[in-house]
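Subject: Structure handover

Hello,

Please find the structure below. My notes on it follow.

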Amino acid sequence: MSQVSGNDRLPLWRNWRPWFSLWLAGSAILLALLLWDAWPWLRGTPQATFRHTKLNQWPIEGLWWLLAPVALWLQKNLTMVDRRWPWTVALHGLMAVTITGIFTLLAALRMAVANHLPMSFLPALVNDLRWMGGWSYTPALIYLLLVFALYALSFYQEWRAGQRLTNELKVANAQLETRLVRASLDALKMQLHPHFLFNTLNSITGLIRKERTREAEDVVAGLGELLRRSLEHRQEAMETLEEGLVFLRRYFDIECLRFQDRLKVECDIEPKCLRALVPSLMLQPLVENAMKHGISKDPAARLLRIGAMRDGSRLLLSVYNDGPPLPKDDLTLNQGIGLQNTIIRLRMLYGDEARLQLRDQPPHGVRAEIILPFSTNFPTS
Amino acid sequence: MTPTPRAHWWTSLALLLPGGLLALVFFGPQEGLPVVPRPPADANVLRIAHVQYLLPDPHRQTAPVSAHNHFILSLWEPLVECDPATGRPQPAAAASWAWSEDRKVLTMKLRPDARWSNGDPVTAHDFVRGWLQLLQGDLEDAQVLFPLKNAEAYHRGELKDFRAVGMRAIDDFTLRLELSQIRSAFVAELADPLLSPFHPSNAKVMADKSYFRDPGALITNGPFRLADASQDGFSLQACGFYHDRADVRLAGVRFVRVGNLSIAPLLLAAGVVDIVSPMPYEESRTLPTNRPVKLAHELILGVSTIDINVTRGPLSDVRVRQALALALHRQENTAKFSPGRMVPAWSWIPSMPGRRGLKLLKEDADEARRLLAAAGFPGGKGFPVLTMSLPMWAEMDPYPAAWTEDWFRELGVRTHMTYEQPALQRKLMKDQEDYDVAYGAVMATVPDAGDLLSAFLWPVQVSKTKWVNPDVVSLLNRANSQTGNERLATLEQAERLIMAAVPTVPVMFTRRQNLLAGEVQGWYEDPLARQSLKRLWLVSAEQTAPGPESRQ
């Protein structure tokens, strides 16, 4: 299988090679024609004069054929050098002056040869041309117009590319928003899950019967807060880790009531990580997963530990439970809709810079870990 | 922080290399450059720069005239030539001449020793042949022969029989010329290069331009013969058969064609040419070498004028015309617009060899105002707006506006200028006569003061001034039958009468400038640029030293 270079992938008209070949062929033909025409003079034939060769008679503007590729190449290079306009303007000004000088020099050279003037008089002739009005500034004007046109084209192409990128970003943002909504709905669904809801309501009923009305009120208020925040999360794509933990604390308040003294929640959070930005409801599916497949499955399991630490430019979030190990076929990660959604959101937000790992933690338990770039600044829109 | 991007080294090189080379050329040495030494083969060869395409055909004139005249008069010799000091005709191909009693028939005796460049004798038949060729051509140049009886009718095809034209070869060395009317300056007119003889073999050589391949095939009767011809110019050698061969001091002349006249001074400075004639007047730069050069000026035999239509209202009053003539600031305007090239005209005829120009007019604004007031227009009050008719080419000429500004500033006289195509302008002026003043110029074709004054012999119908003075006509007719100083005195009387009446206001004369290498000797002033190169010679560069008129 042959390799394909970048140039070959371009459309034919945007590939410089055919154009350069065309220019080269044209130059060769031009040169051959000029040499053929001037051959008698070059050979020193008595009646032949430089004055009557095409080298002398053809309009000097023909030099543009030779200069155009150089001007284009330089324009491209100068444009790449620096986009700060004073520097660019100065360089293009220098080029315009140089090209004008080349034209003037060529005119003077032709005049010197045609009139048998020694070459040592070239500086005097060039300056005399100024007196004679022989300094044409048209080449400078043409060059600057050419550069202006090329810049205009370049800016137009960039604008078009920007438009395309904006459209792609809009699509990506829409997809991201969809994922966020789905995450919110997942959280809400989890809260409204009959098992969770019935257990919570039973717990509230038990508290009322035991005349622990104060605690019952707290649980009802916590459940209401949990549902409210789930709905609120649909509005924001990012939240601070601290905000995420507040949400989880409500959740754990209710779950502790349900699991009585069996559930022990530990938080190992570095203080500097509390202001770190994380995707909204990012930890919720991991915690839910730990409760559902860990703590609930093994009566002996009781510990759920949430961790957050900074490792250079990265933020490490972890959710550990001391429940049973992962199933052999690792279906949990592949099939859990919540986890799948989390993985996709991480990829859309951070690309290859974020990842989610779920693995056994010998001798007991399972550890879910999210690694993502550490940031405390909300991205600009 | 964004790092400052840097140009690749080859980009910098691509910019700096040509830029550096250009700087070397543009700021290279421009003074004290070495003069190209004269090649040994050119030791005694005069080299003249010319711009126009020269033809070695004496019957086809090319402009500007300087180089053409020098070229033709080197190869060909008319019957007479003008004396450098007095401007009067002296023998050339003719040995002598004689007028008939009624001064209408001129008998020219040719030199028996005159020879063509191939050794054939130059005969009267050769002159008749050449002049016939000129008359049979459709060139305006044929009018140089119109003074001859029936010549104009023959040229226009109204007369078929050439024998009726007033020129006849009586024998090999006698030419009889019959004029239609008395014309005392006619002998001087025969110095025109157009009136050269023609060798029978030249017709074919001219037609197929075989002189490029075989220069010797062109048979000429001048002091030089064609030695080489190319698109870059012509080389001439002193002709061994020329009757005054012993007096020709140059070994040859080379006419070097240059791209444009502006580069010619540089070629002279470099030592490539020895004469630039005429030299562009805008030329006032320092030459890049120390080669001694000198400027030679000569007034062209012509005059720029403001013609006054004396039939129009207040312009019929001579005091008004005099006021208009006195109010013009000739010195200020010529110094402002074309210093050196144009000089103020104080009379109708410029200075020329053998005759100094008169100072018959002056600048006097106070006197001009007094005259205008005396005519009934104090401060220009009540004076009508003058209509000035101008040819279209004068649109870029700053002088008409300057003259009318002078009239307004000094006299309060306003002018309305109308520009027309030259042909239409002439027609409108002739048919409608709807103009007060007209701007124009008169050029002489003969080195004779009477030629310029002959404009006042024109009939009223074709005269732009509509002014005719019987006394002037009488004087000019009398001068036509006179010669020498007597004639000059009569012409002066006529000129004084004309300038007193001021039917036309002479404003400027044109000065031609020639740039000569220090080695060139013997150059003389000629108002028609007909210097004969056989009179010049070269000295070695060591013998030349910058003189008072030298220019470095």
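**The sheet in chain A**

In this predicted model, chain A has an open sheet of five strands in the order 2-4-5-7-6, with mixed pairing. Strands here, like helices, are DSSP runs numbered from the N terminus (at least two residues of E for a strand, at least four of H or I for a helix), and two strands pair if DSSP finds at least two bridges between them. Strand 2 (264-269) and strand 6 (355-360) of chain A are the edge strands; each has a single partner strand, so one side of each lacks a neighbour in the sheet. On average, neighbouring strands of the sheet are turned by 10° against each other, direction ignored.

Strand 6 of chain A pairs with strand 7 (residues 366-373) of chain A in the antiparallel sense, over six bridges. Within that pairing, A:I370 in strand 7 is the bridge partner of A:L356.

Two helices of chain A lie across the sheet strands. Helix 10 (residues 241-259) lies across strand 2, strand 4 (303-311) and strand 5 (314-321), running at about 180° to strand 4. Helix 11 (residues 283-295) lies across strands 4, 5, 6 and 7, at about 25° to strand 5. Axes are lines fitted to C-alpha atoms, for helices over the stretch in contact (heavy atoms within 4.5 Å), and angles run from 0 to 180 degrees between N-to-C directions.

**A:R51**

A:R51 sits in the loop between helix 2 (16-43) and helix 3 (54-57) of chain A. Its relative accessibility is 9%, so A:R51 counts as buried (under 20% relative accessible area with a 1.4 Å probe, protein chains only; exposed is over 50%, partly exposed in between). The A:R51 side chain reaches the backbone oxygen of B:R257 at 2.8 Å. Leaving out residues up to four places away in sequence, A:R51 touches residues of both chains, including A:N56, A:A114, B:D232 and B:G259.

**Strands in chain B**

Strand 5 (residues 105-110) and strand 7 (residues 174-178) of chain B run antiparallel and are joined by five bridges; B:V105 stands opposite B:E178. Strand 7 of chain B also pairs antiparallel with strand 6 (residues 167-171) of chain B, over four bridges. Strands 6 and 7 of chain B form a hairpin with two residues between them.

**Conventions**

Residues are numbered from 1 along each chain as its sequence is written, and chains are lettered from A and ligands numbered from 1 in the order in which they are written. Local features need pLDDT of at least 70, side-chain atom pairs count only at pLDDT 80 or more, totals for chains, interfaces and linings use all residues, and side-chain values use heavy atoms, with hydrogens and water left out.

Regards

How values were computed. A polar contact is a pair of N or O atoms within 3.5 Å; within protein, one must be able to donate a hydrogen and the other to accept it, and residues adjacent in sequence count only if both atoms are side-chain atoms.
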